[in-house]
Amino acid sequence: MKKISFILPIYNVAPYLQQCLDSILLFLQKGHQIILVNDGSTDDSFSIIKRFIQKNAGKDIVYVERENGGLSAARNSGMEKVTGDYIWFIDTDDRLNNTAVQILEGNVLEQDVDLIILGRIEEFSNKSIYIPKQLKFKEYDSGIQYFEESIKQGAYRTQIWDKLFSRSLIEHYHFRFEKGLIYEDMFFMLQVLVNAKRTITYPLYPYIYNQMNTTSISKQVREKDLDILCFIEMADNYVDNHSRQITKNSLPYNLLIFNWVSTCLLNKYAKLSYTNEDALYIYEKARKHPIYQRAVKICMHNAVGIRRKVFAWLITYFPSLYKMVLIFAIWIKNIIK
């Protein structure tokens, strides 16, 4: 039986931690590994961890305690302890549901697969949303083949926690998360997709993404959000040096850049930029970045769907109008949700 190593970075998540741990307990009982990385928690997280370890003595639990260094550093510490064939990253304010164990059924894990892509359920206070809406079993010869198809269909997801990664792939290329930067999943996933061979999508929605956490950053002005621009520069350099199939001028790659910057920066700061000078600085720095502008031009002249093409055209020729239309579109989207 092939084994999964679950990596759980823990930092001040006491209200959610027990539920998260309990959701993985069945895997632990079946011989899989749980790596708990306490990233300098100052709340009651350690007490919850201690009780869980004591209650499950003799099981494959690895505990790592470290000074607070951020999510990337915590995940990296956990990756040094992996013994399983697959790695599954779990954020500890989220959890798995009771369908998760179905990944052990059949022979999915027994196949020679570099990347297994699952679905997730985004849980709000009044509803749950399945992402993506439809997910079928499909095999791809490479991660790039999956990426090119999914990005064009609007189904590509950057997050790592609804995916299982082959340990051999991670170790062969020594992939790690960039320390000190937020949005760390983006570059990590790009590296994996460029190098992954056999990739599958599997019709299972085991991951519950907690959208009820009251600590919202959607209205916070953070210069740290500009880390996105660091990542697109790193991404350009990476595809230049490590990819023959994806280039800086390929449409799928530039659609990815367009989506990254638009979703993480422009969508957030468009409205804030009218009343906050720091927000305006972030918004304009993102809009004028040469890599983003290249992506906009490529999207404007290629088949990327009417909505993206219109937004690319507006931000190029009528940036003030673009901002107003974007704010209105986000407002409508929130109402529909």
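**Buried residues, helix packing and backbone features**

Leaving aside neighbours within four places in sequence, Cys20 is in contact with Leu8, Ile90, Asp91, Thr92, Asp94 and Arg95. The model described here is a predicted one, and in it Cys20 is placed in helix 1. The relative accessibility of Cys20 is 0%, and because buried means under 20% relative accessible area, Cys20 counts as buried. Between Cys20 and Ile208 there are 188 residues of separation in sequence, whereas their C-alpha atoms are 9.7 Å apart in space.

When its neighbours within four places in sequence are set aside, Asn254 is in contact with Lys248, Asn249, Arg294, Ala295, Ile298 and Cys299.

The nonpolar interior was considered next. In soluble globular proteins, nonpolar side chains tend to be buried together. In the present model the largest nonpolar core contains 75 residues, of which Phe89, Phe165, Phe188, Val192, Leu265, Leu266 and Tyr322 touch the most other members. Helix 8, spanning residues 251-272, contributes the largest share of this core, namely 14 residues. Apart from this core lies another, of 35 residues, which includes Phe6, Ile90, Ala100 and Leu118. The surroundings of Phe165 can be given in detail: not counting residues up to four places away in sequence, Phe165 touches Asp85, Tyr86, Ile87, Phe89, Asp114, Leu115, Ile160, Ile170, Phe188, Met189 and Val192.

Two helix pairs, both involving helix 10, were examined for their packing geometry. Two packed helices are described by the angle between their axes and the distance between the axes. Helix 10 (residues 290-300) and helix 11 (residues 306-317) pack at an angle of about 130°, and their axes are 8 Å apart, which makes helix 10 oblique to helix 11. The crossing of these two helices, helix 10 and helix 11, is left-handed. On the side of helix 10 the contact is made by Tyr292, Val296, Cys299 and Met300, and on the side of helix 11 by Lys309, Ala312, Trp313, Ile315, Thr316 and Tyr317. By residue class, the contact of helix 10 with helix 11 comprises eight nonpolar residues, one polar residue and one charged residue.

In the other pair, the axes of helix 7 (residues 227-242) and helix 10 come within 9 Å and cross at roughly 70°, so that helix 7 is roughly perpendicular to helix 10. Here Ile232, Glu233 and Asp236 in helix 7 meet Ile291, Tyr292 and Arg294 in helix 10. The residues of the contact of helix 7 with helix 10 divide into three nonpolar and three charged, with no polar residue among them.

Finally, several backbone features were located in loops. The peptide bond leading from Ile131 to Pro132 is cis, with omega near -10°, and Pro132 is found in the loop between strand 8 (128-131) and strand 9 (138-140). Asn12, a residue other than glycine, has a positive phi, near 50°, and is found in the loop between strand 1 (4-10) and helix 1 (14-29). With a relative accessibility of 28%, Asn12 counts as partly exposed. His174, although not a glycine, has a positive phi of about 50°, and this residue lies in the loop between helix 5 (167-173) and helix 6 (184-195).

Technical notes
Residues are numbered from 1 along each chain as its sequence is written. This is a predicted model: local features need pLDDT of at least 70, side-chain atom pairs count only at pLDDT 80 or more; totals for chains, interfaces and linings use all residues. Side-chain values use heavy atoms; hydrogens and water are left out. Axes are lines fitted to C-alpha atoms, for helices over the stretch in contact, and angles run from 0 to 180 degrees between N-to-C directions. Helices (H or I, at least four residues) and strands (E, at least two) are DSSP runs, numbered from the N terminus. Angles under 35 degrees count as roughly parallel, over 145 as roughly antiparallel, 65 to 115 as roughly perpendicular and the rest as oblique. A crossing is left-handed if the near helix is turned anticlockwise from the far one by less than a right angle, and right-handed if clockwise. Contact means heavy atoms within 4.5 Å. Ala, Val, Leu, Ile, Met, Phe, Trp, Tyr, Cys and Pro count as nonpolar, Asp, Glu, Lys and Arg as charged, and the others, Gly among them, as polar. A nonpolar core is a set of buried Ala, Val, Leu, Ile, Met, Phe, Trp, Tyr and Cys residues joined through side-chain atoms within 4.5 Å. Buried means under 20% relative accessible area, exposed over 50%, partly exposed in between (1.4 Å probe, protein chains only).
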